[in-house]
Amino acid sequence: AGRARGGGGSLSRGKDVVELSMAPHHAFHIEPVLKKTALKISSLDTLESRLLVGCEDGTLMILEEEQNASHLVEFAVLETRKGFCKKAILQLQAVESLRCVVSLTADGVQINSLPTLDMTAQLLKTRGSHAFALRTEGEGAEAGALLPQPVLCCAGKKKLMLYRWGGQGFDEWKEMALPDTPACMAWCGDSLCVGVGRRYVIINAQTGAEKPLFDSNSSPPAVFRLPGLQEMLLGRDSISVFQDFEGRPSRKYAITWAAPPSAIVYSHPYVIALLPKSVEVQLMETQKAVQTISLRAGAVVPSPRDDAAYVLANNQVYRLRPVPVGRQIDSLMEAGGFETALRLCEMCSDRPEVAAKADGVHRAYGLQLLSERDFEAAVSQLARCASLDPREVLSYFPDLCPEGFPPAASPLDLKGHQMLRAQVSLIKYLNALRRRRAAPAGGGHCG
């Protein structure tokens, strides 16, 4: 079995150089997983610790993640299944809950069982389809769907073909005619959000009722479902708009990319987009690019098991492995990126190592704001820092302290209006401390 090593944060160098943009911190390490294969790669998916690689000649490669004695990650080619399909594998999805792999070629959708990979069905009416979208039972329950079983939708010429899971396989259900060939689609509860022509429409799979939304302007439509959030991202040129499953705006802001994305995946707490000349990573809550990777990527799949993602570019596969969030926060603090560091603390507060750092971020940010004489913003941060001795804050204002009180290393020299503003903010800070100490145990801030 061949091996490809991905160690630390080192980058692949050679004919296809991977470069990172200069940024306060990096959210992901880039590691080569599969290089220099003679087969032409056309699709990717993940299954637990394994990576499924579909090829243009119909071969399926299975790579498994391993860890060597040096604790470096390696990927071993576990199996090469020649003749898995007769034609190029255009799309691939492993469905552990159904114990099957769903694949798409020019001949249509094919179902193979897991773990044997034996073919169990070909959905003959799907010949000529260019994409499929599968809603699993878990995704349906999560969205409160009325359709209990998994449903498969295949996009053909001016129509959608739907199949329901019958316990042993997918059974024909219905076809829905469209005025144009669908360009993209994603499940949203019992409905599908479909890009038809340049317009988005939500179609109820049970009733066929349609709800038109808006158009994608000059770019082709692109719809991506955000897992676990009951939200979608719909593209309009270089902007991705948040919509709920009813087609209503779900957030007051949108995400602006450097160029229109062709694919988007969510890797908590980041959104990763494939742009024409790069891969862009944004922190969803700040709508700011934190990392740009100069790869012309053709496919990306998430790895929910470890918040990673796999990218196909130049017939090679790379893994975007997340930098530990605690290390990201440290890098942001060193660079003065306190707002982003606080957002990370909020979005990842369920991780113990992150919760422990939030206090320090509030402290460092508050003291910096003090030095910038932004008193109101400073005390807002300092009041959330449980470990800070209030005497340290007072030491920055020697004119307000009793004689003999030790001043800070760099005390503030304030006069007139600035002194008045400082006094008002200090009173707010001290009152906030009193309220917190008077509150019952467990009522402190979590950052």
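**A friendly note on a predicted structure**

1. Let us start with one residue. Leaving aside residues up to four places away in sequence, Gln-381 touches Leu-342, His-362, Tyr-365, Gly-366 and Leu-369. Please keep in mind that this is a predicted model. Gln-381 belongs to helix H5, which covers residues 375-382. Is Gln-381 buried or exposed? Its relative accessibility is 12%, so Gln-381 counts as buried, since buried means under 20%.

2. Now look at the rest of helix H5. The buried residues there are Phe-375, Ala-378, Val-379, Gln-381 and Leu-382. Their arc around the axis is only 160°, so they lie on the same side of H5.

3. Helix H2 can be read in a similar way. Here Val-325, Gly-326, Gln-328, Ile-329 and Leu-332 are the buried residues. They span an arc of only 160° around the axis, and therefore sit on the same side of H2. Strand S24 (270-274), H3 and helix H4 (352-371) are included in what covers them. After H2 comes Gly-336, which has a positive phi, near 80°.

4. Next, follow H2 to its neighbour H3. In general, two packed helices are described by the angle between their axes and the distance between the axes. For helix H2 (residues 325-334) and helix H3 (residues 338-347), the packing angle is about 160° and the axes are 8 Å apart. Why is H2 called roughly antiparallel to H3? Angles over 145 degrees count as roughly antiparallel, and the packing angle makes H2 roughly antiparallel to H3. The crossing of H2 past H3 is left-handed.

5. Which residues meet where H2 and H3 touch? From H2 come Val-325, Gln-328, Ile-329, Leu-332 and Met-333, and from H3 come Phe-338, Thr-340, Ala-341, Leu-344 and Cys-345. Sorted by class, the residues of this contact are eight nonpolar, two polar and no charged.

6. H2 also has H4 as a partner. The axes of H2 and H4 come within 10 Å, with a crossing of roughly 10°. H2 and H4 are therefore roughly parallel to each other, as angles under 35 degrees count as roughly parallel. On the H2 side, the contact has Val-325, Gly-326, Ile-329, Asp-330 and Met-333; on the H4 side, it has Val-354, Lys-357, Gly-360, Val-361 and Ala-364. This contact holds six nonpolar, two polar and two charged residues.

7. A loop residue is worth a look too. Ser-219 lies in the loop between strand S18 (210-215) and strand S19 (223-226). Its relative accessibility is 7%, so Ser-219 counts as buried. Apart from residues up to four places away in sequence, Ser-219 touches Arg-198, Arg-236, Asp-237 and Pro-260.

8. Finally, step back to the whole protein chain. How many helices and strands does its secondary structure have? There are seven helices and 29 strands. Of the 447 residues in the chain, 50% are buried. Among contacts with a separation of 6 or more, 45% are between residues 24 or more positions apart.

Notes
Residues are numbered from 1 along each chain as its sequence is written. This is a predicted model: local features need pLDDT of at least 70, side-chain atom pairs count only at pLDDT 80 or more; totals for chains, interfaces and linings use all residues. Side-chain values use heavy atoms; hydrogens and water are left out. Axes are lines fitted to C-alpha atoms, for helices over the stretch in contact, and angles run from 0 to 180 degrees between N-to-C directions. Helices (H or I, at least four residues) and strands (E, at least two) are DSSP runs, numbered from the N terminus. Angles under 35 degrees count as roughly parallel, over 145 as roughly antiparallel, 65 to 115 as roughly perpendicular and the rest as oblique. A crossing is left-handed if the near helix is turned anticlockwise from the far one by less than a right angle, and right-handed if clockwise. Contact means heavy atoms within 4.5 Å. Ala, Val, Leu, Ile, Met, Phe, Trp, Tyr, Cys and Pro count as nonpolar, Asp, Glu, Lys and Arg as charged, and the others, Gly among them, as polar. Buried means under 20% relative accessible area, exposed over 50%, partly exposed in between (1.4 Å probe, protein chains only). The arc is that of the directions from the helix axis to the C-beta atoms.
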